[in-house]
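Please read these notes with the model open beside you. Each point can be checked by eye.

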Amino acid sequence: MHVPVVVLGGGPGGYAAAFLAADLGMEVTLVERDPRLGGTCLLRGCIPSKALLHVGRVLAEAREMEEWGIAFEKPAIDLSALRARKDKVIASLTGGLAQLAKRRNVTIVHGTARFTNSTTLEVAAAEAGGASHTITFDHCILASGSRPARIPAFDIGSSRVMDSTSALELADIPESLLVVGGGYIGLEMGTVYAELGSRVSVVELTDTLLPGADRDLVKPLQKRLEGLFARIHLRTKVVKLEDRGTAVAVHFDGPDGQTTQEFSRVLVAVGRRPNSDGLGLENTQVVVNAKGFVEVDGQQRTADPHILAIGDVCGEPMLAHRASHQGKVAVEVLHGEPALFAPRAIPAVVFTDPEIAWAGLTEHEAEASGRPVEVSKYPWAASGRAHALGRTDGLTKILVDAETDTVLGVGIVGSGAGELIAEGVLAIEMGCSARDLMEAIHPHPTLGETVAFSAENYFGLATEIYRPRAETAAT
Ligand code: FAD
Ligand code: NAD
């Protein structure tokens, strides 16, 4: 079969691209090896992890109510009902995607695709006995995503050693869990298992949790995690895993020297790798860089005039909203529009408790580039809403261009930071000044006010904080 546009991959990048292409009147085919649409994000990533984190948060809130004089019984956890509820969330959303594809007349081909040249995909049947297809195309949007990075020495053939996919299956609530990697997945999934009752330890190679995130934001999270987790090992390497039948023996090398400890399960969460191998890209003109990412320009075009690429397969940050945004840019480019992927801010949210969220320039990036910025911080201890919620362990900070007062970056740590960051994204994209943030009336009492208050603080005008004026301070 010949099609004008084929999308390879049915994740948030691929289905967003296919659906927009259909809405713009293009005839589009989507190839996906999984029987269901949704990709990593929906089937084994964002959605199931957030469903489980929601459960974890409810458990924590019930516990915290004791401080307010409300005591609940210890919760009884029905693991199979919990798994079924999580799977229902996935089924409902993936079923919705199938309906949306059908209503748009997007042809779905299930199978594993491989390029045999710049305009041909061979699609091997997804299941034995199924049909194989040869698809020729004018343009392909490659959206093949990524997979968990593996450390060969940890492949000891034990089901006790998990990656994010198997951890989300929630086979049991292990008595003890070691998470290798203190990044997004390690901290989110570590939080889930700890709230469900596992004794969780984290081992991180570098000297900090979430090495890419702002230190001011990580500090309150680390403090809370030190209470929730049994142990956080920083600057520590796992040198060897050994299956001892009922447990995995883990050999550490870190500031405490060489130690060994047994854990019921181990979760390896040390990053993700792009799915650029095994696709036959060597039969096209597509260029793959040393890290395995497909190289693209600002219009998502690869070096092959017939192939565009979007999402995790073409670079970092590997986030669903970046993938879908790039998918829309790629389709607009094929539609002849002057589209460009040039965001001022790609928001990042770590859905731990407290959550961490940031957008735009970070303090570290500003320092590294020598750009003169002013940083204004608003501690949530000064927020009435944070007190009412019993969650004063938050901070909102803004980075402002010292010459023009333009907001360049926003960072938030605290309960619900992931929802609050949207205002920061809009402010940065719209080129707002700190005065715009300060003078826009925010509803009271909300955590959203802390964004406006951090702008007030930038001008030295925050009502709930006392900062002596220079002349007053001198007298
Ligand atoms: P993917 O979602 O990986 O989709 C690629 C698709 O291509 C897959 O369905 C795959 O089966 C298919 N495919 C690959 N090769 C072939 C082939 N040869 N033939 C046919 N089909 C093929 N991001 C967020 O923004 N927020 C979050 O909260 C978040 N949480 C996450 C939690 C976890 C545990 C994980 C693992 C990831 C999380 N992410 C999150 C990251 C997010 O899932 C990815 O950034 C996003 O899914 C990337 O979308 P994509 O379309 O580029 O690729
Ligand atoms: P990550 O890059 O966020 O974190 C991996 C961590 O493992 C890093 O801190 C790294 O220093 C550490 N590490 C690497 N090798 C190690 C080793 N041998 N021993 C100990 N520590 C080691 O990767 P991840 O947590 O696997 O997540 C992968 C990607 O998926 C993320 O970068 C993100 O793009 C995406 N994701 C996003 C969300 C979200 O948006 N909320 C959630 C989950 C995943």
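The points below go from the whole chain to the two ligands and then to single residues.

1. Basis. This is a predicted model, in which local features need pLDDT of at least 70 and side-chain atom pairs count only at pLDDT 80 or more, while totals for chains, interfaces and linings use all residues. Residues are numbered from 1 along each chain as its sequence is written, chains are lettered from A and ligands numbered from 1 in the order in which they are written, and side-chain values use heavy atoms, with hydrogens and water left out.

2. Domains. The protein chain is divided into domain 1 (2-147 + 273-334), domain 2 (152-270) and domain 3 (348-458); the bounds come from an automatic or database domain assignment. Taken over C-alpha atoms, the centres of domain 1 and domain 2 are 27 Å apart. Between these two, 20 residues of domain 1 are in contact with 16 residues of domain 2 (contact means heavy atoms within 4.5 Å).

3. The side chain of Lys50 places an N or O atom 2.7 Å from an oxygen atom of ligand 1. Backbone N or O atoms also approach nitrogen atoms of the ligand: one of Arg33 at 3.2 Å, and one of Ala113 at 2.9 Å. The protein covers 94% of the 1000 Å² of accessible area that ligand 1 has on its own (Shrake-Rupley method, 1.4 Å probe; for residues, only the protein chains shown count as cover).

4. Helices (H or I, at least four residues) and strands (E, at least two) are DSSP runs, numbered from the N terminus.

5. Ligand 2. Which residues are closest to ligand 2? Of the 22 that surround it, they are Ile185, Glu188, Glu204, Met318 and Val349. Oxygen atoms of ligand 2 lie 2.8 Å from a polar backbone atom of Ile185, 2.6 Å from a polar side-chain atom of Glu204 and 2.7 Å from a backbone N or O atom of Met318. The protein covers 79% of the 840 Å² of accessible area that ligand 2 has on its own. The shell draws at least three residues from each of domain 1 and domain 2, and helix H6 (residues 184-196) supplies the largest share, 3 residues. The shell divides into 13 nonpolar, 5 polar and 4 charged residues.

6. Ser146. This residue lies in strand E6 (residues 146-148) and is buried, with a relative accessible area of 5% (buried means under 20%, exposed over 50%, partly exposed in between; 1.4 Å probe, protein chains only). The side chains of Ser146 and Asp312 are joined by a polar contact of 2.8 Å (a pair of N or O atoms within 3.5 Å; within protein, one must be able to donate a hydrogen and the other to accept it, and residues adjacent in sequence count only if both atoms are side-chain atoms). Ser146 and Val313 are 167 residues apart in sequence, yet 6.1 Å apart in space, C-alpha to C-alpha.

7. Helix H13. Why is helix H13 (residues 449-458) described as largely enclosed by the rest of the structure? Because 10 of its 10 residues are buried. They pack against strand E19 (373-379), strand E20 (395-401), strand E21 (407-414), helix H11 (417-429) and helix H12 (434-439).

8. Backbone. Most residues other than glycine have a negative phi, and most peptide bonds are trans. The peptide bond from Asp353 to Pro354 is cis, with omega near 5 degrees, and that from His444 to Pro445 is cis, with omega near -5 degrees. Asn105 has a positive phi near 65 degrees and is exposed at 65% relative accessibility. Gln300 has a positive phi of about 70 degrees and is buried at 1%.

Methods:
A residue is near a molecule or strand if one of its heavy atoms lies within 4 Å of it. Ala, Val, Leu, Ile, Met, Phe, Trp, Tyr, Cys and Pro count as nonpolar, Asp, Glu, Lys and Arg as charged, and the others, Gly among them, as polar.
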